Amino acid sequence: MSDPALQIIFTRLSRDLARDTLIQTTTNELRTALTADRVVLYYFYYKWSGRVTFESLSDRQFSILGSTGPDGCFNGEYAKLYEEGRVRAIPDIESEPIAPCHREHLQQLQVKANLVVPIVIDRGLWGLLVAHHCRSIYHWSAEEIVLMQTAASKLAIVPSIYHS
């Protein structure tokens with residue numbers, strides 16, 4: 001006879017491991033398909049506060065694991081847009097009309113081109129799936145945008161994400 005508390009812990013660990021493996025596999029496959037330097041999962045742990053919890057990199061120099069977004073730059077207004085399905089494809093952060101705090105944040109992360117797709121569950125915006133080109137500007141194709149949207153949609157229905 002097994003201890004019920006131990007079974008709960010084992011079930012939770014198994015679920016989390018399956019989720020983590022799926023997210024890492026997804027970010028790795030997206031980075032390869034997009035020939036991007038970095039694909040990350042930005043998870044909102046509290047009302048528009050979040051951090052990069054997963055990343056796939058073309059080179060370790062591009063690691064931003066654990067980084068947070070620019071304070072005060074991402075707020076309820078932007079969150080609402082992403083909750084409504086906003087996709088943002090920026091081919092060149094230097095010429096795109098974006099908020100100065102956003103540009104500065106992307107520059108600090110070595111980003112030249114940026115693609116952001118929301119992960120939305122029934123309770124709202126759970127996270128963002130983000131691809132970066134860090135070495136040069138990049139014009140995102142419609143197919144690449146759909147690929148990211150499809151991946152985000154699939155992640156949104158994974159039980160361990162949906163119930164987190």
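Which backbone nitrogen lies 2.8 Å from a polar atom of the side chain of Glu55? To find out, select Glu55, which lies in strand β2, residues 49–57. The nitrogen belongs to Ile64. The side chain of Glu55 also reaches the backbone nitrogen of Leu65, at 3.1 Å. Bear in mind throughout that this is a predicted model.

**Stop 1: around Glu55**

Stay on Glu55 and show its surroundings. Glu55 is buried but has no salt bridge. The nearest side chain of opposite charge is that of Arg60, 4.0 Å away. Setting aside neighbours within four places in sequence, Glu55 is in contact with several residues, among them Gln24, Thr27, Val39 and Val40. Arg60, Phe62 and Ser63 are also in contact with Glu55, as are Ile64 and Leu65.

**Stop 2: the whole chain**

Zoom out and colour by secondary structure. The chain has five helices and five strands. Starting at the N terminus, the elements follow the order α-β-β-α-β-α-β-β-α-α. The chain has 164 residues, and 41% of them count as buried. Now consider contacts between residues at least 6 apart in sequence: 58% of these join residues at least 24 apart.

Next, colour by pLDDT. The mean for the chain is 87, and 84% of the residues reach 70 or more. Which element has the lowest mean pLDDT? Select helix α5, residues 159–162, where the mean is 65. The highest mean among the elements, 97, belongs to strand β3, residues 88–90. Where pLDDT is low, the predicted coordinates should not be read in detail.

**Stop 3: strand β5**

Select residues 124–133, which make up strand β5. Is this strand largely enclosed or largely open to the outside? Ten of its ten residues are buried, so strand β5 is largely enclosed by the rest of the structure.

To see one of the paired positions, pick Pro118, whose bridge partner in β5 is Leu128.

**Stop 4: the salt bridges**

How many salt bridges does the structure hold? There are three. Side chains of opposite charge can pair when their charged atoms come close.

Begin with Asp37 and Arg135, whose side chains meet at 2.9 Å, N to O. This pair links distant parts of the chain, 98 residues apart. Asp37 is in the loop between α1 (4–34) and β1, while Arg135 is in the loop between β5 and α4 (142–156). Asp37 has a relative accessible area of 5%; a residue under 20% counts as buried, so Asp37 is buried.

Move to Lys80 and Glu84. Their closest N and O atoms are 2.9 Å apart, and the two residues form a salt bridge. Glu84 counts as exposed, at 54% relative accessibility. Lys80 counts as partly exposed, at 48%.

Finish this stop with Arg88 and Glu96, whose side chains meet in a salt bridge at 3.1 Å, N to O. Arg88 counts as buried, at 17% relative accessibility.

**Stop 5: two backbone angles**

Most residues other than glycine have a negative phi. The last two selections have positive values.

Select Thr35, in the loop between α1 and β1. Its phi is near 45°, a positive value in a residue other than glycine. Thr35 is exposed, with a relative accessible area of 54%.

Then select Gln110, in the loop between α3 (100–108) and β4. What is the phi of Gln110? The value is near 70°, again positive in a residue other than glycine. Gln110 is partly exposed, with a relative accessible area of 37%.

Terms used: Residues are numbered from 1 along each chain as its sequence is written. This is a predicted model: local features need pLDDT of at least 70, side-chain atom pairs count only at pLDDT 80 or more; totals for chains, interfaces and linings use all residues. Side-chain values use heavy atoms; hydrogens and water are left out. Buried means under 20% relative accessible area, exposed over 50%, partly exposed in between (1.4 Å probe, protein chains only). Helices (H or I, at least four residues) and strands (E, at least two) are DSSP runs, numbered from the N terminus. Two strands pair if DSSP finds at least two bridges between them. pLDDT is the predictor's confidence in each residue, from 0 to 100. Lys and Arg count as positive and Asp and Glu as negative; His and the chain ends are not counted. A polar contact is a pair of N or O atoms within 3.5 Å; within protein, one must be able to donate a hydrogen and the other to accept it, and residues adjacent in sequence count only if both atoms are side-chain atoms. Contact means heavy atoms within 4.5 Å.
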